[in-house]
Amino acid sequence: MTIHLETQSDLEEAVLALIKRDPRLKPVLEIAGMPALRRREPGFAGLAHIVCGQQLSTASAAAIWGRLSAAFDPFDHDAVRRARTDRLGRLGLSAAKIKTLKHLAREIASERLNLDVLAEEDADAAHHTLIALPGIGPWTADLLFCLGHGDAWPAGDLAVQESIRIGLGLKARPTEKQMAPIAEPWRPLRGAAAHLWWGYYRAVRKREGVLAGST
């Protein structure tokens with residue numbers, strides 16, 4: 001059964017369930033405090049927002065997203081599918097991002113990609129579905145969070161890796177491959193665990209200054 005994190009209440013309930021399951025997380029919560037839910041717009045708009053922001057500064061990503069979302073009414077997969085490539089480029093999208101968004105739009109329009117079904121799939125299966133799409137990289141967990149998937153796990157996220165190193169007293173920051181077995185006890189709530197570790201990272205970084213090698 002797939003658990004969804006649609007509201008702050010959902011996240012808080014999931015975090016408390018994790019604490020009961022894994023006592024190692026209790027001191028993490030005490031330092032981090034209850035994390036806030038990270039969500040985007042539902043559906044294609046949320047996915048597009050994430051794609052637009054990849055590898056850009058927060059300010060640049062916000063500016064591009066503002067222009068893009070304002071240019072189409074309504075903003076949906078059909079609007080992007082029909083839009084001319086040069087128009088999307090003038091709004092600030094790179095050729096690679098345009099290719100990714102148009103492919104997503106075509107897959108949804110043809111019903112080869114169903115976001116409602118994807119949100120119900122096992123997180124690992126949904127991950128494989130997403131990385132098969134052009135331009136979708138290791139940040140697929142962000143897309144699953146957008147769909148409210150409660151078991152999305154950002155194994156490649158450096159902040160989560162570093163906070164786990166500190167919080168669990170590891171000798172070295174775990175690699176992306178090592179993150180899978182570490183998070184296994186937290187299924188099917190790995191998404192809630194990720195929120196907790198992000199909160200812990202922010203709390204520790206604020207207390208100790210910017211962590212070496214962190215982003």
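**Entry 1. His4**

I looked up His4 and placed it in the segment before helix H1 (8–21); helices are DSSP runs of H or I with at least four residues, strands are runs of E with at least two, and both are numbered from the N terminus. The model is predicted, so I took local features only at pLDDT of at least 70 and side-chain atom pairs only at pLDDT 80 or more, whereas totals for chains, interfaces and linings use all residues. Residues are numbered from 1 along each chain as its sequence is written, and side-chain values use heavy atoms, with hydrogens and water left out.

I then listed the polar contacts of His4. A polar contact is a pair of N or O atoms within 3.5 Å; within protein, one must be able to donate a hydrogen and the other to accept it, and residues adjacent in sequence count only if both atoms are side-chain atoms. A polar atom of the His4 side chain lies 3.0 Å from the backbone oxygen of Ala119. The His4 side chain also makes a polar contact with the side chain of Glu120, at 3.4 Å. With residues up to four places away in sequence not counted, I found His4 touching Asp10, Ala119, Glu120, Leu147, Gly148, His149 and Gly150 (contact: heavy atoms within 4.5 Å).

**Entry 2. Glu121**

I found Glu121 in the loop between H8 and helix H9 (123–131). Its relative accessibility is 25%, and Glu121 therefore counts as partly exposed; buried means under 20% relative accessible area, exposed over 50%, and partly exposed in between, with a 1.4 Å probe and protein chains only. Leaving aside neighbours within four places in sequence, I noted Thr2, Ala126, Thr129 and His149 in contact with Glu121. Glu121 and His149 are 28 residues apart in sequence, and their C-alpha atoms are 8.8 Å apart in space.

**Entry 3. Backbone geometry**

Most residues other than glycine have a negative phi, and most peptide bonds are trans. I recorded a cis peptide bond from Asp73 to Pro74, with omega near 5 degrees; Pro74 is in the loop between helix H4 (58–71) and helix H5 (77–82). A cis peptide bond also joins Arg187 and Pro188, where omega is about -5 degrees. Pro188 is in the loop between helix H12 (176–183) and helix H13 (190–208).

For Glu111, a residue other than glycine, I read a positive phi near 65 degrees. Glu111 is in the loop between helix H7 (95–109) and helix H8 (115–120), and is exposed at a relative accessible area of 69%.

**Entry 4. Helix H11**

At the start of H11, I found a side-chain oxygen of Asp157 within 2.9 Å of the backbone nitrogen of Ala159. The buried residues of H11 (residues 158–167) are Ala159, Val160, Gln161, Glu162, Ser163 and Ile164. Just after H11, Gly169 takes a positive phi of about 70 degrees.

**Entry 5. Whole chain**

I counted 13 helices and zero strands in the protein chain. The radius of gyration is 18 Å, close to the 17 Å from the globule rule for 215 residues, so the chain is as compact as a globular protein of that length; the radius is taken over C-alpha atoms, and the rule is 2.2 Å times the number of residues to the power 0.38. The C-alpha atoms fill a box of roughly 55 × 40 × 30 Å along the principal axes. Buried residues make up 46% of the 215 residues. Of the contacts with a separation of 6 or more, 65% are between residues 24 or more positions apart.
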